[in-house]
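Hi there,

Here is the structure I promised to pass on to you. Have a look at it first, and then read on for what turned up in it.

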Amino acid sequence: MAYPTSVDIIDVGPRDGLQNEKQPVPAAVKIDLIHRLVHAGVRHLEATSFVSPKWVPQMADAPEVMAGIERTPDVIYSVLTPNMKGLESALGSQPGEVVVFGAASEAFSQKNINCSVAESIERFAPVVEAAHAAGVATRGAISCAVGCPYEGDVSADAVAHVARLMKEIGVQRIAVADTIGVGTPRRVQAAMEAALRHYDLAQVSGHFHDTYGQALANTLASLEMGIRVFETSVAGLGGCPYAKGATGNVATEDVVYMLHGMGIETGIDLDRLIDAADAISQFLGRAPNGRVSVAKLKQRVAA
Ligand code: HMG
Ligand code: MG
């Protein structure tokens, strides 16, 4: 088995990371975080989401955040959109990619976007079509691909089912997301295999939360299958407001440290990434939620 020589990281910190913060995070702080990530070499990130401000107040400043970013030409600034209303606002902000977000679990779909899985696909179809018509790429997130906070274990067949529906409406790439971080390597591999029934290897990404400390193991298990795109979050920020108890996404720093240690390129400068993790953590008033940042920041203080 050969690991890939390079991996694409999608940093979801500004969106998945900050959406769950209780304290208001000003748009300027979000924009600064995005600039710092790009400065560290991140070439794809989730900047914000165009969702109902009643459902996710923290993302109400999406247009302001998108307008405030000084764009770097080779960077993809993705946004989440659950419906046409979101897409229409998003297109005014010139996103590089639009992400529709479905789920492998019916209960989570209802709690997160207030509709069934089948209804979500009906809503996504025109979003995907309009995004493509505007020349914008699409990705589909499959939340709760291993376990659901309301239904428990989620089967690989449920993942394959949503992957097929996403493929049918033209979604170009999909993310297999362990939203509540309960997955272990073989279960994650089964979920990946299910997604790969309908998408090519290069089109599938892994999105792991570290709630149970399994995210690096699950990343490695996915790498072993040839998956080479991972969604991670600077400083391990994150959690979904509709998945109670789920802690942050795996820290980008931890994944980058592991990959670089394995000789796998990411194009990211770890020191600058830690600067970004440090800056947002200082704003939030807590230590970064990732082992590598904590260890390296201690070393810096000692030096
Ligand atoms: P709804 O209440 O059924 O929507 O919510 P509606 O169509 O009935 O509209 C109700 C109101 O919301 C109306 O306003 C609409 O205009 C407004 P009112 O007339 O009451 O003033 N509205 C919107 N406003 C702004 N932007 C929009 C929008 N759509 C409707 N796009 C809806 C349905 C999908 C809108 C809602 O449930 C929602 O916004 N959900 C988003 C939840 C969310 O963002 N969750 C986090 C992202 S998913 C995640 O984090 C997991 C992931 O990262 C993977 C992982 O981590 O594992 C992807
Ligand atoms: Mg997430």
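A polar atom in the side chain of N114 is 2.8 Å from an oxygen atom of ligand 1. Please keep in mind that this is a predicted model. T179 also has a polar side-chain atom by the ligand, 2.6 Å from an oxygen atom of ligand 1. In the case of N112, an N or O atom of the side chain lies 2.9 Å from a nitrogen atom of ligand 1.

How much of ligand 1 does the protein cover? On its own the ligand has 1100 Å² of accessible area, and the protein covers 75% of that. The space that ligand 1 takes up is the largest pocket.

If you want to find your way around this site, start with the elements that each give two or more residues to the shell around ligand 1: α1 (13-17), α4 (84-91), α5 (106-113) and β5 (137-143). There are 25 residues around the ligand, and R15, Q19, N83, N114 and T179 come nearest. Sorted by class, the shell has 11 nonpolar, 10 polar and 4 charged residues.

Now for the aromatic rings. Searching the whole structure gives 1 aromatic pair. Its members are F208 and F230, with ring centres 6.5 Å apart and planes at 40°, so the pair counts as tilted. Because F208 belongs to strand β9 (residues 204-208) and F230 to strand β10 (residues 229-232), the pair ties together parts that are 22 residues apart in sequence.

Enjoy exploring!

Best wishes

Key. Residues numbered from 1 in each chain as written. Chains lettered and ligands numbered in written order. Predicted model: local features only at pLDDT ≥ 70, side-chain atom pairs only at ≥ 80, totals over all residues. Heavy atoms only, no water. Near = heavy atom within 4 Å. Polar contact = N/O pair within 3.5 Å; in protein donor to acceptor, adjacent residues only side chain to side chain. Areas by Shrake-Rupley, 256 points an atom, 1.4 Å probe, with all protein chains shown as cover. 1 Å grid on protein atoms, 1.4 Å probe; cavity = no way out; pocket = protein on both sides within 12 Å on 5 of 7 lines; lining within 4 Å. Sits in = over half its atoms within 2 Å of the grid points. Helix = DSSP H or I, 4+ residues; strand = E, 2+ residues; numbered from the N terminus. Nonpolar A, V, L, I, M, F, W, Y, C, P; charged D, E, K, R; others polar. Phe/Tyr/Trp six-rings, centres within 6.5 Å; stacked < 30°, edge-to-face > 60°.
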